[in-house]
Amino acid sequence: MIVWLNGTHGAGKTTTSALVQQLIPDSRVFDAEQVGGMLMDITPGLPWTGNFQDWPPWRPLVVETARHVLAYTGGTLVIPMTVLVEPYWREISAGLAQHSIPVRHFVLHADQDTLRGRIDGDAHLGPSTFRLTYLKPYAEAARTWLHREAEVIDTTRLTPAQAARQIAEAVNGRGLPGGPSANSSE
């Protein structure tokens with residue numbers, strides 16, 4: 001199984017994924033961004049598009065890497081990765097489905113002011129114009145398709161530990177009361 005943690009920068013994906021991994025037996029964190037990093041290391045470089053997710057090899061390589069890791073280890077992969085382009089999400093989820101890999105897709109959501117504050121106040125990465133540029137595309141994706149495609153966890157007032165506990169309870173069969181968007185606030 002894959003537990004995919006989606007959402008934009010500042011939502012808490014990286015921190016929450018490490019905590020989810022501790023709460024789901026036999027699970028591992030797979031950072032799909034590293035696949036993009038590998039592609040970025042090709043020399044001479046691939047034609048730059050502004051985002052490695054735009055490169056056609058990235059999406060099937062994420063699917064194949066996840067598939068092979070799961071075949072080797074079994075268990076659950078927790079993947080913290082922002083995917084805001086609907087056709088890209090469809091390609092990834094269809095690729096995983098072709099290999100009969102179940103996916104629990106969660107979106108870690110927070111309101112725009114909270115996200116901006118988290119990005120500006122990030123003690124590890126520091127303020128980031130790059131990360132801020134994804135706030136508007138995230139809001140558009142959330143409004144048009146993303147929140148319908150996932151179980152939404154509103155992290156605006158949750159600690160990462162609380163969000164991780166909600167995800168683990170949903171995955172372990174204790175569910176989110178009221179369905180996928182019970183904790184959503186758009």
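Q: How do the residues of the lining of the largest pocket divide into nonpolar, polar and charged?

A: First, a heads-up: this is a predicted model, where local features need pLDDT of at least 70, side-chain atom pairs count only at pLDDT 80 or more, and totals for chains, interfaces and linings use all residues. Residues are numbered from 1 along each chain as its sequence is written, and side-chain values use heavy atoms, leaving out hydrogens and water. Ala, Val, Leu, Ile, Met, Phe, Trp, Tyr, Cys and Pro count as nonpolar, Asp, Glu, Lys and Arg as charged, and the others, Gly among them, as polar. On that basis the lining splits into 18 nonpolar, 15 polar and seven charged.

Q: Which helix gives the most to the lining of the largest pocket?

A: Helices here are DSSP runs (H or I, at least four residues), and strands are runs of E, at least two, numbered from the N terminus. Those giving two or more residues to this lining are H1 (13–23), H2 (33–40), H6 (129–132) and H8 (160–171). With five residues, the top giver is H1.

Q: Is glycine 12 buried, partly exposed or exposed?

A: Glycine 12 sits in the loop between strand S1 (2–6) and H1. Buried means under 20% relative accessible area, exposed over 50%, and partly exposed in between (1.4 Å probe, protein chains only). Its relative accessible area is 24%, so glycine 12 is partly exposed.

Q: How far apart are the C-alpha atoms of glycine 12 and glycine 74?

A: Along the chain, these two glycines are 62 residues apart.
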